[in-house]
Amino acid sequence: MVRALARLRRRQPRPQPRAPLPAEIEAIRQQAEKGHTLEQVLWGKILLNSVYVPSDPEAARTWFTIAANAQYGPGHNMLGRCFHFGWGCRQDFQQAARCYARAAELGDEWGRYNLGILTMRGLGVTQDLATALACFRQAAHAGHAKSMNLYARFLEEGWTVPRDRQAALSWYRRSAEGGDYRGQHNYATFLLEAGKPDQALHLWEQAVRTATPDILQAMARTLAGMDRPEAATLRETVETRLKAVL
């Protein structure tokens, strides 16, 4: 850790005067400097994307590496994301998969989920739906909301597992309750089909806040077919969000 911090300091330009960090952010930075792995990962995330400091993906990757070298699962996961998306380094799916696998070995469910994504898509590893299913299933049973949604999708579609619509519905519900916008959208779709439009609209109102363009577009199409004033109002919100993110 000491050598890594020394290299980080050597490459950084002479500091320029800036407004002090908020107390809670400064506390994270100081704890990271003292060797606390949780705060090292948090500080790395702040360096990736924060209004408080200029974005510095290379420095963020260094902090994730320090935490990973201490065998901290979330450190390996975030280092994997750097390789996955090319944050502060060259994009390398194989290295990303190795980092995610190590995170999963250390019990990090985000790492397990991300490894499942690469395995499902065949990025950096051989495509293997059965292995991806195992990742999502284990993470789902550990309480990971995004994995619950994908586990439900495997059950709904019958991918490498017997099709089970009722089990899929149960996992979509749990994913939605866990705050995953995809789970909220998928469960809302089930609820609408079951003749429960009020409950469906309530879930879409939650999902619209964080949904990505693909989900927003799917929501807009469904809402356009609903003859309810609430649906029209929500569709306007969805369209506004789409304009902001596209």
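1. Let's start with the sulfurs: the disulfide count here is 0, where a disulfide means a pair of cysteine sulfur atoms within 2.5 Å. Cys 82 has its closest cysteine sulfur in Cys 89, and at 5.6 Å that is too far for a bond. Cys 99 is in no disulfide either, the nearest cysteine sulfur being that of Cys 82, 8.7 Å away. Cys 82 is buried at 0% relative accessibility, and Cys 99 is buried at 5%. (Buried is under 20% relative accessible area, exposed is over 50%, partly exposed is in between, with a 1.4 Å probe and protein chains only.)

2. A word on provenance: this is a predicted model, where local features need pLDDT of at least 70, side-chain atom pairs count only at pLDDT 80 or more, and totals for chains, interfaces and linings use all residues. Residues are numbered from 1 along each chain as its sequence is written, and side-chain values use heavy atoms, leaving out hydrogens and water.

3. On the fold, the protein has 14 helices and 0 strands; these are DSSP runs numbered from the N terminus, with helices being H or I of at least four residues and strands E of at least two. The C-alpha atoms fill a box of roughly 60 × 40 × 25 Å along the principal axes. Of the 246 residues, 41% are buried. Taking contacts (heavy atoms within 4.5 Å) with a separation of 6 or more, 45% are between residues 24 or more positions apart.

4. Now the rings: there are 7 aromatic pairs. The rule pairs rings of Phe, Tyr and Trp (its six-membered ring) with centres within 6.5 Å; planes under 30 degrees apart are stacked, over 60 edge-to-face, and the rest tilted. One of the pairs is Trp 110 with Tyr 113, edge-to-face at 5.8 Å centre to centre and 90° between the planes. They sit 3 residues apart in helix α7 (residues 109-121), so about one helical turn separates them. Trp 110 is partly exposed at 42%, whereas Tyr 113 is buried at 13%.

5. Another edge-to-face pair is Tyr 151 and Trp 171, with 5.3 Å between centres and 65° between planes. Because Tyr 151 lies in helix α9 (residues 145-157) and Trp 171 in helix α10 (residues 165-177), this pair ties together parts 20 residues apart in sequence. Tyr 151 is buried at 9% relative accessibility, and Trp 171 is buried at 8%.

6. One last item for the viewer: Trp 110 and Tyr 113 also belong to a cluster, linked through ring pairs with Phe 136, Phe 154 and Trp 159.
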